[in-house]
Amino acid sequence: MLSEFLLAEMNRLGAQDALPLHRQLYEALRRAMLDGKLGAGERLPSSRDLAQDLNLSRNTVVAAINQLSVEGYLASRVGSGTYVNDHVPRASGLRTPRGALAQAPHHQAALLSQRGEALAHRFSATGLEVQPFTPGIADFSAFPLALWQRLQNKHWRMTYPDMLDYNTSGGYAPLRRAIADYLRVFRSVQLEADQVIVTTGTQQSLELCARLLADHGDTVWVEDPAYWGAMKAFIANGQHVHPVPTDDEGIRPTEADDAQPPKLIYVTPSHQYPTGAVMSLTRRHQLLATARAHGAWVLEDDYDSEYRFSGPPLSSLEGLDLDGRVLYMGTFSKVLYPGLKLGYLVVPKGLVEPFRQAHYDLHRPGHMPTQAALAEFIEMGHFASSLRRARQTYAERRQCLLEALRPVLGEGPDAPRISGAEQGLHLCLRLPAQIDDRAIAHRLAQQGLIVRPLSAYCLSRQDMRGLVVGYGYAALADIQRCGPVVAAAVKKAVG
């Protein structure tokens with residue numbers, strides 16, 4: 001029986017490694033799947049039944065199942081239960097005859113590590129090709145390309161030999177000063193230019209934090225629903241991802257979450273991805289107090305902070321932090337263009353030198369002429385001008401999309417509603433919990449419209465349904481034409 005195998009494995013693990021109970025169960029269940037005792041597509045016993053059979057608390061069982069779900073071993077189906085993922089590799093498939101590697105297809109699961117399997121098959125960006133309503137995409141067609149080319153050519157002509165070498169100082173000094181000035185004025189970040197580290201974007205910033213501030217097996221709190229890119233950064237570094245539910249005010253830890261103390265807490269307070277919630281001032285102070293109590297670092301991804309269309313602006317978490325626990329990160333990809341691949345990480349003063357050194361050792365940063373061009377672009381006021389134009393453009397598109405979706409909205413607790421429209425480049429059309437948002441997204445995809453089901457971002461919760469709709473890359477004419485199509489698909493599903 002499965003329970004007998006799990007008990008035997010847990011006893012062995014407990015005797016050998018003194019692992020906590022939820023980790024023992026996690027390892028035992030994973031071994032059962034790898035050994036084929038739990039086959040692909042097979043349904044797991046309920047968490048209540050497992051807890052009773054193994055004489056464990058239900059919280060212990062749920063923690064193990066959540067982690068396996070996060071890593072892609074298990075998949076939940078609403079109203080049906082939890083099942084073994086079809087892509088789980090088998091231990092028996094790991095022995096490959098000599099010479100067979102070259103002939104094996106490169107997607108074959110047996111060729112991947114367990115971590116690689118999770119990265120390849122969980123929270124993938126496939127299917128997010130640029131279409132009018134694809135979330136997370138900005139419109140870079142208005143970027144002043146001719147001006148940018150002139151600035152780049154200028155700095156290439158003036159380049160000194162040291163500008164062609166790796167950089168050990170955390171980035172081009174004038175660019176770090178320009179970023180610091182911008183963040184002090186517009187985001188109330190308390191910093192000096194030396195605290196800025198120029199990265200290739202938020203993903204690299206996250207990976208630096210995960211590597212330098214947490215060890216393998218440490219717990220990271222993430223928002224549920226979650227941004228898939230952050231999930232992959234933590235999974236790739238072997239950290240235990242613990243989902244914490246969000247509501248309309250942002251992340252909402254409970255006593256049950258406190259029972260799994262975090263080393264890192266990752267949040268998107270300016271515009272939670274994907275729900276669009278803006279973290280309230282009260283919740284921000286509560287989160288900082290929670291981080292202080294646990295001795296945790298807060299990773300503030302100031303996603304979409306540049307675009308706020310209504311309501312009062314809120315200070316960054318870093319600007320409220322009195323303990324030096326917040327690391328602040330942002331990117332230029334939403335204001336300029338994604339291929340620029342430049343972002344920034346603001347670290348507390350005590351972390352500047354180790355982060356600079358690790359950034360150099362791990363990534364060998366460079367692209368100094370491009371950083372110099374961006375510094376001048378900011379100093380000459382072009383960045384501010386581009387941002388003003390983009391805000392006006394996106395505000396018009398946002399309003400057009402709201403008007404297109406208005407006919408399907410309602411007032412009751414189970415009626416469709418919109419969240420996250422006050423800021424950012426996407427909104428979330430929230431649906432009743434019984435609606436199959438994946439089916440709606442699939443039907444829209446067949447009509448050439450790419451939206452994302454909200455449930456696809458959920459880690460452990462089963463109560464959130466909706467459509468994540470981007471308007472950053474959608475022209476007004478496309479919104480006017482396609483917005484009613486989305487509304488009609490939702491209306492048909494809701495009835």
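This is a predicted model: local features need pLDDT of at least 70, side-chain atom pairs count only at pLDDT 80 or more; totals for chains, interfaces and linings use all residues.
Residues are numbered from 1 along each chain as its sequence is written, and side-chain values use heavy atoms, with hydrogens and water left out. Local features need pLDDT of at least 70 and side-chain atom pairs count only at pLDDT 80 or more, while totals for chains, interfaces and linings use all residues.

**Exercise 1. Describe how α7 and α14 cross, and list the residues that meet.**

Solution. 
- Locate the elements: α7 covers residues 173-186 and α14 covers residues 368-379. Helices (H or I, at least four residues) and strands (E, at least two) are DSSP runs, numbered from the N terminus.
- Take the axes, which are lines fitted to C-alpha atoms, for helices over the stretch in contact, with angles from 0 to 180 degrees between N-to-C directions. The two axes come within 8 Å and cross at roughly 40°.
- Assign the hand: the crossing of α7 past α14 is left-handed. That term applies if the near helix is turned anticlockwise from the far one by less than a right angle; clockwise gives right-handed.
- List the contacts (heavy atoms within 4.5 Å). From α7 come Pro174, Leu175 and Ala178; from α14 come Gln371, Leu374, Ala375, Ile378 and Glu379.
- Sort by class: the contact of α7 with α14 has six nonpolar, one polar and one charged residues. Ala, Val, Leu, Ile, Met, Phe, Trp, Tyr, Cys and Pro count as nonpolar, Asp, Glu, Lys and Arg as charged, and the others, Gly among them, as polar.

**Exercise 2. Check the span of α6 and work out which residues of the helix are buried.**

Solution. 
- Helix α6 has 14 residues (145-158), which at 1.5 Å a residue should span 20 Å; the end C-alpha atoms are 20 Å apart, so the two values agree. The expected span is 1.5 Å times one less than the number of residues.
- Leu147, Trp148, Leu151 and His155 are the buried residues of α6.
- These cover an arc of only 100° around the axis, so they are on the same side of α6. The arc is that of the directions from the helix axis to the C-beta atoms.
- Arg150, Trp156 and Arg157 are exposed on the other side of α6.
- The buried residues of α6 pack against α14 and α15 (382-405).

**Exercise 3. Describe the burial of α9 and of α16.**

Solution. 
- For α9 (residues 228-236), seven of the nine residues are buried, so this helix is largely enclosed by the rest of the structure.
- The seven are Gly229, Ala230, Met231, Lys232, Ala233, Phe234 and Ile235.
- In α16 (residues 437-446), Asp437, Ile440, Ala441 and Leu444 are buried.
- Seen down the axis of α16, these buried residues fall within an arc of 100°, so they line one face of the helix.
- Their cover includes β12 (426-431), β13 (452-453), β14 (465-470) and α17 (476-494).

**Exercise 4. Examine the backbone at Pro225, Pro274, Ser188 and Lys341.**

Solution. 
- As background, most residues other than glycine have a negative phi, and most peptide bonds are trans.
- Asp224 and Pro225 are joined by a cis peptide bond with omega of about 10°; Pro225 is in the loop between β4 (219-224) and α9.
- The bond from Tyr273 to Pro274 is also cis, with omega near 20°. Pro274 is in the loop between β7 (264-267) and α11 (281-294).
- Ser188, not a glycine, has a positive phi of about 55°. Ser188 lies in the loop between α7 and β3 (196-199), and its relative accessibility of 37% makes it partly exposed.
- Lys341 has a positive phi near 55° and lies in the loop between β9 (326-331) and β10 (343-346). At 48% relative accessibility, Lys341 counts as partly exposed.

Notes: Buried means under 20% relative accessible area, exposed over 50%, partly exposed in between (1.4 Å probe, protein chains only).
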